[in-house]
Amino acid sequence: MPSNENKIYLTFDDGPHPVITPKVISLLERYNAKATFFCVGDNVRKFPDILKLIKNSGHNVGNHSYNHLNGWKTENRIYYKNIEKANKLINSNLFRPPYGRISPSQIRHLKKQYEIIMWSALSYDFDDRISKEECLDFSLRNCRPGSIIVFHDSEKAKEKMFYALEGFLDYFSQKRLGFAKLISNK
Ligand SMILES: [Zn+2]
């Protein structure tokens, strides 16, 4: 994303989660930060009110498929159907492939309808091998204005995510950077 606007683009994958996502939203509010939540369709089916909460709090949502499918291991026709099924609930032109795994033909097809959003920095909040302090350190070192960073509003990542997210928001707020949601041009 453009680097001259002094903004960082926070993204959260794999939710919505009934407890974790509302806590993320409260934390973001304290810093006047906006973010984009790439939702798994099946989680939206289970927790539709949380999707509404995300939208009503001024954040954006994106499609992360219905069952968190790996594009490399999924037949195209099934992959597209799964994404379409998710979009009936999510209704967004932003798509992020689970695991970042998507084939060139899938990109060509999905680009007609979606803006495909990858990332420039990972927080590694999902990684069992690193500590929460390292997670914050990675996040800070790999971001600059225009970066898109990935966190996870999931059970597995929550402890590291909350620690790193708060430190991240503190650090870049002090540097006078803002936190913005992604907007689709489609
Ligand atoms: Zn994911």
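Colleague: Asp137 has its place in helix H6. Is Asp137 buried or exposed, or in between?

Modeller: This is a predicted model, in which local features need pLDDT of at least 70, side-chain atom pairs count only at pLDDT 80 or more, and totals for chains, interfaces and linings use all residues. Residues are numbered from 1 along each chain as its sequence is written. A residue is buried if 20 or more other C-beta atoms, placed from the backbone, lie within 10 Å of its own, exposed if 12 or fewer, and partly exposed in between. Asp137 has 15 other C-beta atoms within 10 Å, so it is partly exposed.

Colleague: How are H6 and H7 oriented to each other?

Modeller: Helices (H or I, at least four residues) and strands (E, at least two) are DSSP runs numbered from the N terminus. The axes of H6 (residues 132-141) and H7 (residues 158-174), which are lines fitted to C-alpha atoms over the stretch in contact, with angles from 0 to 180 degrees between N-to-C directions, come within 8 Å and cross at roughly 40°. Angles under 35 degrees count as roughly parallel, over 145 as roughly antiparallel, 65 to 115 as roughly perpendicular and the rest as oblique; therefore H6 is, relative to H7, oblique.

Colleague: Which residues of H7 make the contact with H6?

Modeller: Contact requires C-beta atoms, placed from the backbone, to lie within 7 Å. From H6, Lys132, Cys135, Leu136, Ser139 and Leu140 take part. Their counterparts in H7 are Glu159, Lys160, Tyr163, Ala164, Gly167, Phe168 and Tyr171.

Colleague: What separates the C-alpha atoms of Asp137 and Ala164?

Modeller: Asp137 belongs to H6. Along the chain, Asp137 and Ala164 are 27 residues apart, while the separation of their C-alpha atoms is 8.0 Å.

Colleague: Why is strand E1 described as largely enclosed?

Modeller: Strand E1 covers residues 7-13. It is largely enclosed by the rest of the structure because, of its seven residues, the number buried is six.

Colleague: Which residue of E7 is the bridge partner of Leu10?

Modeller: Two strands pair if DSSP finds at least two bridges between them. E1 and E7 (residues 148-152) pair in the parallel sense over five bridges. In E7, the partner of Leu10 is Ile149.

Colleague: Which residue of E3 is the bridge partner of Phe38?

Modeller: Strands E2 (residues 36-39) and E3 run parallel and are joined by four bridges. In E3 (residues 60-63), Asn60 and Gly62 point one way, Val61 and Asn63 the other way, and all are buried. The partner of Phe38 is Gly62.

Technical notes
Contact = placed C-beta atoms within 7 Å.
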